Amino acid sequence: KAADRSNNGFVERKEFGYFLRYIVYYNNLWSLFSFLDDDSDRRITLDEFTDAADLLALPRDAQDIFHEIDANVGGMILFQEFVDWMATNEPTFKALDKDDMQL
């Protein structure tokens, strides 16, 4: 939907560049999420998040940010919650490079 700038339900030729950028962005978010998810259960616990806080160079307390991202108050960050939060907050912390993530 984000790449469909004409709102006709299709990604047209002129919108295809946007579509590709969204795919790359989404894939990068998945890579970061997977890196934070130490036990690969597709959920980020508070411990997992705070363990990576130094690498993320968070602008404020990691616990506060964790609870902000955990929109459903389930005690874990789900990927959709992570994506939703990152869409508006990503510029507030340093992006990891691939050397930091050791994928």
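Okay, helix 1 and helix 5. The axes of helix 1, residues 16-36, and helix 5 come within 11 Å and cross at roughly 120°. Axes here are lines fitted to C-alpha atoms, for helices over the stretch in contact, with angles from 0 to 180 degrees between N-to-C directions. The two helices are therefore oblique to each other; on this scale under 35 degrees is roughly parallel, over 145 roughly antiparallel, 65 to 115 roughly perpendicular, and the rest oblique. From helix 1, the contact uses Y25, Y26, L29, W30, L32, F33 and L36, and from helix 5 it uses F79, F82, V83, M86 and A87. Contact means heavy atoms within 4.5 Å.

Before I go on: this is a predicted model, where local features need pLDDT of at least 70 and side-chain atom pairs count only at pLDDT 80 or more, while totals for chains, interfaces and linings use all residues. Residues are numbered from 1 along each chain as its sequence is written, and side-chain values use heavy atoms, with hydrogens and water left out.

Zooming out, the protein chain has six helices and two strands, in the order α-β-α-α-α-β-α-α. Those are DSSP runs numbered from the N terminus: helices are H or I with at least four residues, strands are E with at least two.

Now helix 4, residues 62-69. Which of its residues are buried? They are A62, I65, F66 and I69. They span an arc of only 105° around the axis, which puts them on the same side of helix 4; the arc is taken from the directions from the helix axis to the C-beta atoms. Buried means under 20% relative accessible area, exposed over 50%, and partly exposed in between, with a 1.4 Å probe and protein chains only. The cover over those residues includes strand 1 (43-45), helix 2 (46-51), helix 3 (53-56), strand 2 (76-78) and helix 5 (79-89).

Helix 5 again, then. Helix 4 packs on helix 5 at about 115°, axes 9 Å apart, and that makes the pair roughly perpendicular. On the helix 4 side we have I65, E68 and I69, meeting E81, F82, W85 and N89 of helix 5.

Last stop, D61, in the loop between helix 3 and helix 4. Is D61 buried, exposed or partly exposed? Partly exposed, at 42% relative accessible area. At the start of helix 4, a side-chain oxygen of D61 reaches to within 3.2 Å of the backbone nitrogen of Q63.

Notes
A polar contact is a pair of N or O atoms within 3.5 Å; within protein, one must be able to donate a hydrogen and the other to accept it, and residues adjacent in sequence count only if both atoms are side-chain atoms.
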